[in-house]
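Dear colleague,

Please find below the structure that I am handing over to you. My notes on it follow.

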Amino acid sequence: MPRLPSPPEAFRSLDRALHRIGLDGFILLLLCTVGLATVLPAGGAAATAVTWAVKIAVGLLFFLYGVRLSPQEALAGARHWRLHLLILGCTFVLFPLLGEAARLLPAAVLAPQLYTGVLFLTLLPSTVQSSIAFTSMARGNVAAAICAATFSSLLGIVLSPLLAAWLLAGGAGVHVSGGQIADILLQLLVPFALGQAVRRRAAPWVARHRAVTLTVDRGSILLIVYAAFGEGVRDGIWGRVTAGQILWLAAVCLALLGFVLSVTATASRRLGFDRADRVTIQFCGSKKSLANGLPLATILFPAASVGLTVLPLMLFHQIQLMVCTVLAQRWGRQVS
């Protein structure tokens with residue numbers, strides 16, 4: 001009897017097959033998960049089980065973040081402070097300001113619930129894996145990218161919930177309470193701190209078993225998406241958003257990404273950074289983390305509205321992958 005592939009092997013095989021035809025395997029899995037939640041949302045006891053599974057998966061995800069992210073490595077890169085300040089400024093200052101500016105768009109372009117999602121995505125940290133991967137592909141400063149992405153992720157663990165509590169409180173049914181703050185501590189910060197505490201012993205094992213982290217990373221996101229959209233389907237999510245609104249939302253996400261890419265390119269050039277650092281600034285300063293955003297959304301937003309609220313983040317994630325792939329390839333060809 002032939003051996004069935006393990007989940008990590010299946011993820012890698014699907015990625016390789018789809019990359020050959022220009023598609024991203026994980027995005028396809030996300031779309032399939034949304035489809036499954038639309039057709040077969042969990043209800044009753046199954047919904048309760050999914051909710052607990054999400055909490056466990058989120059805790060494990062942030063525990064592994066704590067194990068994998070080295071504070072020493074981040075601090076070692078602090079000597080490149082100008083680069084890091086520019087990236088963090090784009091991530092946690094420029095993006096939120098643009099999110100606030102999007103409030104001026106008419107409801108016909110950006111519905112209030114979708115605006116909440118757009119503002120939420122602007123508060124998130126940069127990605128780790130894709131920022132480093134794109135920097136490497138473009139022949140940028142990979143060491144600086146590792147440090148910058150680590151800084152952003154570490155800071156985002158604390159700063160993103162605080163920004164969300166400040167800018168989102170009271171809007172679209174979002175009421176940040178003591179219970180939600182406790183949930184953030186228990187589901188995100190405590191597992192992360194535990195991961196940091198056992199990092200010296202656990203990091204070698206995690207490094208040898210990268211398939212485990214791949215499964216947890218992607219599996220937890222898929223589970224959160226299924227739970228969020230399943231709850232939204234039961235509450236009539238697709239009756240509250242039209243195809244036209246989704247197209248406008250995609251245009252807003254593309255404009256948001258394009259503006260930040262332009263700012264990072266212009267600012268890094270005028271501040272005198274060399275080519276390799278400009279690549280790093282552009283890719284690390286323009287990303288938003290789906291892996292950090294989805295768990296936080298399940299805590300901050302009412303269950304019935306999570307699916308619609310994370311829709312802008314999912315769209316932005318796909319757009320940033322496609323646009324930055326093209327940019328990275330173009331940068332890479334310039335020095336090949």
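Which residues in helix 6 are buried? They are Gln113, Leu114, Tyr115, Thr116, Gly117, Val118, Leu119, Phe120, Leu121 and Thr122. Here, buried means under 20% relative accessible area, exposed means over 50%, and partly exposed lies in between, with a 1.4 Å probe and protein chains only. Helices are DSSP runs (H or I, at least four residues), numbered from the N terminus. Because 10 of the 11 residues of helix 6 (residues 112–122) are buried, this helix is largely enclosed by the rest of the structure.

Before you read on, please note that this is a predicted model, in which local features need pLDDT of at least 70 and side-chain atom pairs count only at pLDDT 80 or more, while totals for chains, interfaces and linings use all residues. Residues are numbered from 1 along each chain as its sequence is written, and side-chain values use heavy atoms, with hydrogens and water left out.

On a 1 Å grid over the protein atoms alone, a cavity is a set of points where a 1.4 Å probe fits but cannot get out; a pocket is an open set with protein on both sides within 12 Å along at least five of seven lines; and lining residues have an atom within 4 Å of a point. Grid points are joined across faces, edges and corners, and a volume is the space filled by probe spheres set on the points.

There is one cavity of 30 Å³ or more. The volume of the largest cavity is about 50 Å³, and its lining includes Phe62, Leu124, Pro125 and Asn292. Helix 8 (142–168) and helix 14 each give two or more residues to this lining, and helix 8 gives the most, with four. The lining of this cavity has seven nonpolar, three polar and no charged residues. In this count, Ala, Val, Leu, Ile, Met, Phe, Trp, Tyr, Cys and Pro are nonpolar, Asp, Glu, Lys and Arg are charged, and the others, Gly among them, are polar.

The second largest pocket holds about 360 Å³ of space. Of the 21 residues that line this pocket, Thr51, Val54, Ala227, Thr298 and Ala303 lie nearest its centre. Helix 11 gives the most to the lining of this pocket, with seven residues. By class, this lining has 13 nonpolar, four polar and four charged residues.

Finally, leucine 194 is in helix 9 and is partly exposed, with a relative accessible area of 48%.

Yours sincerely
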